[in-house]
Amino acid sequence: MHLTLKVWRQDGPGSSGQMVTYQLDGVSPDMSFLEMLDMLNEQLTTSGEEPVAFEHDCREGICGSCGLMIDGQAHGPQLGTATCQLHMRKFRDGDVIEIEPWRASAFPVLRDLVVDRSAFDRIIEAGGYISAPTGSAPDANLILIPKDVADTVFDAAACIGCGACVAACPNSAAQLFTAAKLAHLNLLPQGQPERWRRTEAMVETMEDFFGSCTNHGECEKACPKSISIDFIALLNRDYLKSKRINRRLAAQT
Amino acid sequence: MAIELGLDGRIPAGPIAEKWDNHRFNMKLVNPANKRRFEIIVVGTGLAGAAASATLAELGYRVKAFTFHDSPRRAHSIAAQGGINAAKNYKNDGDSIYRLFYDTLKGGDYRAREANVYRLAQVSVEIIDQCVAQGVPFAREYGGLLDNRSFGGAQVSRTFYARGQTGQQLLLGAYQALAHQIAAGGVQIFPRMEMLDLVVKDGRAAGIVARDMVTGEITSHSAHAVVLATGGYGNVFYLSTNAKHSNVTASWRAHRKGALFANPCYTQIHPTCIPASEEFQSKLTLMSESLRNDGRVWVPKNPDETRSPDQIPDDERDYFLERRYPAFGNLVPRDVASRNAKRMVDEGKGVGPLKNGVYLDFGAAIARLGADVIRERYDNLFEMYERITDENPYDGPMRIYPAVHYVMGGLWVDYNLMSNIPGLYVTGEANFSDHGANRLGASALMQGLADGYFILPYTIGDYLADKLGESPVGTDDPAFREAEAGVTDLTTRLLSTGGTRSVDWFHKELGKILWEHCGMERSRAGLEKALSEIPALYEEFIKDVRVPGSAATLNQSLEKAGRVDDYFQMSQLLCRDALEREESCGGHFRVEHQTDDGEALRHDDEFSYVAAWGWGGTPDQPVLTKEPLEFEYVHPTQRSYK
């Protein structure tokens, strides 16, 4: 396959960037998208140019490192697939492919296609955990969890934190990311004691960094784990309830 | 080659079941109010690192956690699929701590310490409790109880799992505990910081030198103790199932500062990976071992077979694992399954366009259980397979072939998980301690979390208790200055070489040498060849590598170049250790040492020891120290899975 690639190049966080066009020959349909970029980088390196910086690690769709806007779509054209699992057989000989970093002010570009997603870590630090200091746990089978609850919780917990939901959202909202973690923890019996404090803290930290959800649903379509937008409804309900319950709890102390 | 004798693993006295309890009582304690006077550096945020950082901070220690990822959640533990073992005996099928201990020691081909393995089996039980309390969504039965499955090499169902993403869920549990401690102020997190040297002062670990991967700034960090939880070195082979950035650099640079490197030749080749397709292949993808619970491995009996698999009748198929190992069948340990697959491919019976795989067939399981049950168990794996190969495993068999997956070797540690450098601890895959010559499925997650949650947080106190009132060495100390200068010099050398070939090119070539001569089967002639080819290629690397860009920016070529430089040195030790170990055991198979029917042949009288290698100043002059292995409870026999 022959491809024309238009790639975002940017030297550093403060500099301005631009799209640069490259020609690439000999691409095999069995290559992954990132292997195609490896090939471009090999070509750039041997011809004396700086290779394109992009994030990747496991290349199995689970670490959440990779993430590119491919022809304007987060993670490209294949549903439920992270960039590293996208293969070139989804493209055709002669295609022109535009490759950009995630676009969101909460994810500033560090270089080329690499962005800073640490705002996600701030949301988790705000309450995305169940307090269970090591050594304090009861026997695992003392906590019974119905199978359908466990399955739903797993669907939410499958989030890989890649940021595609934010990149795909016209508002750069992080509702799906936050909702997935809230659903994971708030639906479990172990998660009940901290439920309302967690919800309020995570949602408000999210709003410090990200835009608001206006129900476009782009996030669900872009999500490589196909996490359902239904979880956002749960977030909204729990957030409303948390405002009332947390105020009442505060009044009691 | 110099050999020194008598390395002491500091195993506590007493009956095996009481060693850990007695030891915990005998260790010195740091009182709760004094813990905040101690600083601990933890490098790595995978299962072993994140669990240790979180637990140490909960105890009150001040922790500085380093990761080269953008977030602790990206560590490669996240990619573990199958499950985690624990001796809960929830299935009432005869499991016990002793049986898990026995299976793990046997699975490791009697090349691990009894006391360590027993302790691992003991704390396995607590790990599951801990993870469930954190909210890890393990698979459940309809009554709400935890589900278990059997896993490669075990005849009981003791494996807890979360679909095919157990590592992800366990890591997120540890990451969330870590995030909690970051928010609480107990842990200071340093993301996108790569450790590039260990600093040793007066014979003790004093801190590290790290590079900020965005700005390129080199900085020093000191502490009372340093913990390396930096994973394994499987990527020395270039093609492996490891994440692309997993590397040996932290371990190797600690080795160069005096830490012993133990059993580097114990590398695990995992049987169920997707075969390589062509030259551009950047990594190999694992298909969880759990697939072997329901999948049957076979090749056509006729090497010239051209029919598609569904057209080949049962009597023309060779279910070679079931045939050779009737008791364990498709569930034999990884090393055995891998070597048998290689044998089939070497005999010309390989399948697929490059004839480089064997079939893993779910046809019988789908007929017996229905597609829905199979979907419930393995759907994410089947989807992944289809994405990569464009073939649907519900319609026909998968093609699989072994690939480098895990390393049992690593930095030498004593029973306390402390290396031979006082104050330097090593946990998880980065140490050598619990898996002997072969790791059983679902044991890596168990060991990483055992080290991080339940072992290191106790044992590190024994070292720190004496240091009360001592300040960490200042980062203005000459030892830090010298280490920083060393890091800067290497960076300058790599950037100024100005050669013609990329780092990746050299890495691939190195990988080919290793896979050929130090992969699934090893021979004296092959290893000697590798030991002459690697230094020659390394010399070429030093002269001809091209590392574009500058030191003061995000520069992925520079990051890779430093790691590959270490692989060139480390790979020589790997081959030398393989050469020295004139026996076959677990993942180390020497063709000269096999039984009449081709199984691994150990020589316990000569090789029942841990080979711990010291840095001798250059990569070709390692110094061997031996720690004898003694077996009081389990008598080593030839492993048999027939």
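The model is predicted, so local features need pLDDT of at least 70 and side-chain atom pairs count only at pLDDT 80 or more, whereas totals for chains, interfaces and linings use all residues. Residues are numbered from 1 along each chain as its sequence is written, and chains are lettered from A and ligands numbered from 1 in the order in which they are written.

**The contact**

Select chains A and B together. Chain A supplies 67 residues to the contact and chain B supplies 60; two residues are in contact if their C-beta atoms, placed from the backbone, lie within 7 Å. On the side of chain B that touches chain A, the elements giving two or more residues are α2 (47–59), α4 (114–134), α5 (166–184), α10 (371–389) and α15 (556–580). Helices are DSSP runs of H or I with at least four residues, strands are runs of E with at least two, and both are numbered from the N terminus. Colour α5(B) next: with nine residues, α5(B) gives the most to this side.

**R192(B)**

Move to the loop between β6 (187–190) and β7 (193–201) of chain B, where R192(B) lies. Although not a glycine, R192(B) has a positive phi of about 50 degrees. R192(B) counts as buried, with 21 C-beta neighbours inside 10 Å; the term requires 20 or more other C-beta atoms, placed from the backbone, within 10 Å of the residue's own.

**A442(B)**

Finally, select A442(B), in the loop between β18 (424–426) and α11 (444–464) of chain B. A442(B) has a positive phi near 70 degrees and is likewise not a glycine. A442(B) is buried, with 28 other C-beta atoms within 10 Å.

Terms used:
A residue is buried if 20 or more other C-beta atoms lie within 10 Å of its own, exposed if 12 or fewer, and partly exposed in between; C-beta atoms are placed from the backbone.
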